[in-house]
Amino acid sequence: MLKMNAEVKNILKLQEEKIKSLEKEIKKLSELNSNLIRKNKYKTEFFSNISHELKTPISIILGAIQLIERKGLNPEDGRRNIKELNIIKVNCYRLLRLVNNILDMTRIDSGYVRDKLSNCNIVYLVEEITQSTVPYAEQKNITVEFDTECEEIITAVYVDKIERIILNLLSNAIKFTPEGGRITVRVSKKDKKALISVKDTGPGIPRNVQKDIFKRFYQVGTDSLNCKGSGIGLSLVKSFVELHKGSIKVISKENKGSEFIVELPIKPLQENKKDSAHTKNEYSRIVEAINIEFSDMYSPSYASTESS
Ligand code: ADP
């Protein structure tokens with residue numbers, strides 16, 4: 001009888017352990033399930049946003065073409081058609097930006113990087129990019145300042161990825177900062193790292209969502225600001241920064257503004273390749289990159305042709 005009791009106790013103990021381990025499994029599976037549901041929700045929202053992002057420029061392009069068709073082309077007065085042609089151009093840039101972002105997202109996932117690392121003075125590169133965005137900021141009466149402690153920080157970078165990082169942070173800063181605000185871009189050096197900070201006086205990002213903004217498809221509710229997007233911008237920025245073995249963080253306070261800080265290791269290549277950001281071709285490439293990145297904002301060139 002005693003032996004039977006011991007056996008039963010043993011069986012019960014084993015079963016209790018089994019139940020405990022099953023409970024653990026159930027907890028894990030339910031966490032995985034909630035994760036999947038959340039990701040699926042982001043994806044559904046992403047497709048709905050993307051459709052909207054595609055539809056708007058396509059409708060605008062179509063509208064402009066129909067207007068040209070109605071008015072007819074006037075070869076004697078080229079300016080008559082410039083307004084519509086500019087609308088078409090800006091909206092093609094918008095489409096290009098979206099498609100580029102989606103392509104980059106898939107390239108990052110497959111680990112495919114086409115570019116080559118080259119030594120570059122990132123102080124000069126960041127300053128040049130910052131200055132080129134001033135006309136866009138001026139449209140909103142926003143002041144853009146560039147500040148640096150050092151003249152030169154040479155390190156190996158993927159130049160066009162650094163461009164995309166800075167342009168994306170600047171376009172967000174200009175997009176969200178209200179009229180009369182200020183944006184400060186600062187480059188500094190700390191230990192063996194280059195720090196690039198993009199600071200604005202915009203609405204700030206609520207503390208509880210700051211950890212999420214770098215996640216793919218994530219967008220803070222911005223309906224009131226009428227700033228729809230795809231929610232891939234910052235996730236791409238983070239991937240591009242990580243491609244350089246760097247890191248990115250945000251310091252932000254609601255109603256006080258946001259500061260994005262990119263940290264890049266300073267690691268020049270042995271062979272001293274030419275600083276590609278100084279050539280004329282590269283400059284026009286930056287201008288084109290700005291046209292694409294800022295395409296969902298009011299275009300300064302469009303403004304000047306409109307008034308002519
Ligand atoms: P998108 O690609 O749609 O522009 P992002 O990934 O760039 O989206 O940004 C994600 C979210 O982070 C945005 O929805 C926006 O609400 C918030 N955000 C990004 N930059 C700023 C900023 N400078 N100020 C306030 N909010 C910002």
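Q: Which residues in α6 are buried?
A: In this predicted model, the buried residues in α6 are G233, L234, S235, L236, V237, S239, F240 and V241. They are called buried because the word stands for a relative accessible area under 20%.

Q: What makes α6 "mostly covered"?
A: The helix has 11 residues, and eight of them are buried. Just after α6 comes K245, with a positive phi of about 60°.

Q: Why is I205 called buried?
A: The relative accessible area of I205 is 12%. The cut-off is under 20%, so I205 counts as buried. This residue sits in the loop between β5 and α6. Its C-alpha atom is separated by 9.2 Å from that of K256, although the two residues are 51 apart along the chain.

Q: Why is I88 buried?
A: I88, a residue of helix α2, has a relative accessible area of 17%. That value is also under 20%, so the word buried applies to I88.

Q: What does I88 touch, not counting residues up to four places away in sequence?
A: I88 touches I61, A64, I65 and I68. To count as a contact, heavy atoms must lie within 4.5 Å. G63 is 25 residues from I88 along the chain, and their C-alpha atoms are separated by 9.2 Å.

Q: How do you know that D200 has no salt bridge?
A: The nearest side chain of opposite charge is K199, and it is 9.5 Å away.

Q: What lies 2.8 Å from a polar atom of the side chain of D200?
A: The backbone nitrogen of G202 lies at that distance. The limit for a polar contact is 3.5 Å, so a separation of 2.8 Å falls within it.

Q: Which residues is D200 in contact with, leaving aside neighbours within four places in sequence?
A: They are A173, T177, R182, I183, K256, G257 and S258.

Q: What makes the space lined by N101 and E293 a cavity?
A: N101, R164, N168, G233, L236, V237, F240 and E293 line the largest cavity. It is called a cavity because a 1.4 Å probe fits there but cannot get out. The elements giving two or more residues to this lining are α5 and α6, and the largest share, four residues, comes from α6.

Q: How many cavities of 30 Å³ or more does the count come to?
A: The count is one. The largest cavity has a volume of about 40 Å³, which is over the 30 Å³ used for the count.

Q: How much space lies in the second largest pocket, and what lines it?
A: The second largest pocket holds about 470 Å³. It is lined by 23 residues, and those closest to its centre are D104, R107, D160, K161 and R164. It is called a pocket, not a cavity, because a pocket is an open set of points.

Q: Which helix gives the most to the lining of the second largest pocket?
A: That is α2, with seven residues. At least two residues each come from α2 (79-110), α5 (159-176), α6 (233-243) and α7 (280-293).

Q: What is the make-up of the protein as a whole?
A: The protein has eight helices and seven strands. Of its 308 residues, 42% count as buried. Among contacts between residues at least 6 apart in sequence, 77% join residues at least 24 apart.

Terms used
Residues are numbered from 1 along each chain as its sequence is written. This is a predicted model: local features need pLDDT of at least 70, side-chain atom pairs count only at pLDDT 80 or more; totals for chains, interfaces and linings use all residues. Side-chain values use heavy atoms; hydrogens and water are left out. Buried means under 20% relative accessible area, exposed over 50%, partly exposed in between (1.4 Å probe, protein chains only). Lys and Arg count as positive and Asp and Glu as negative; His and the chain ends are not counted. A salt bridge is a side-chain nitrogen of Lys or Arg within 4 Å of a carboxyl oxygen of Asp or Glu. A polar contact is a pair of N or O atoms within 3.5 Å; within protein, one must be able to donate a hydrogen and the other to accept it, and residues adjacent in sequence count only if both atoms are side-chain atoms. On a 1 Å grid over the protein atoms alone, a cavity is a set of points where a 1.4 Å probe fits but cannot get out, and a pocket is an open set with protein on both sides within 12 Å along at least five of seven lines; lining residues have an atom within 4 Å of a point. Grid points are joined across faces, edges and corners, and a volume is the space filled by probe spheres set on the points.
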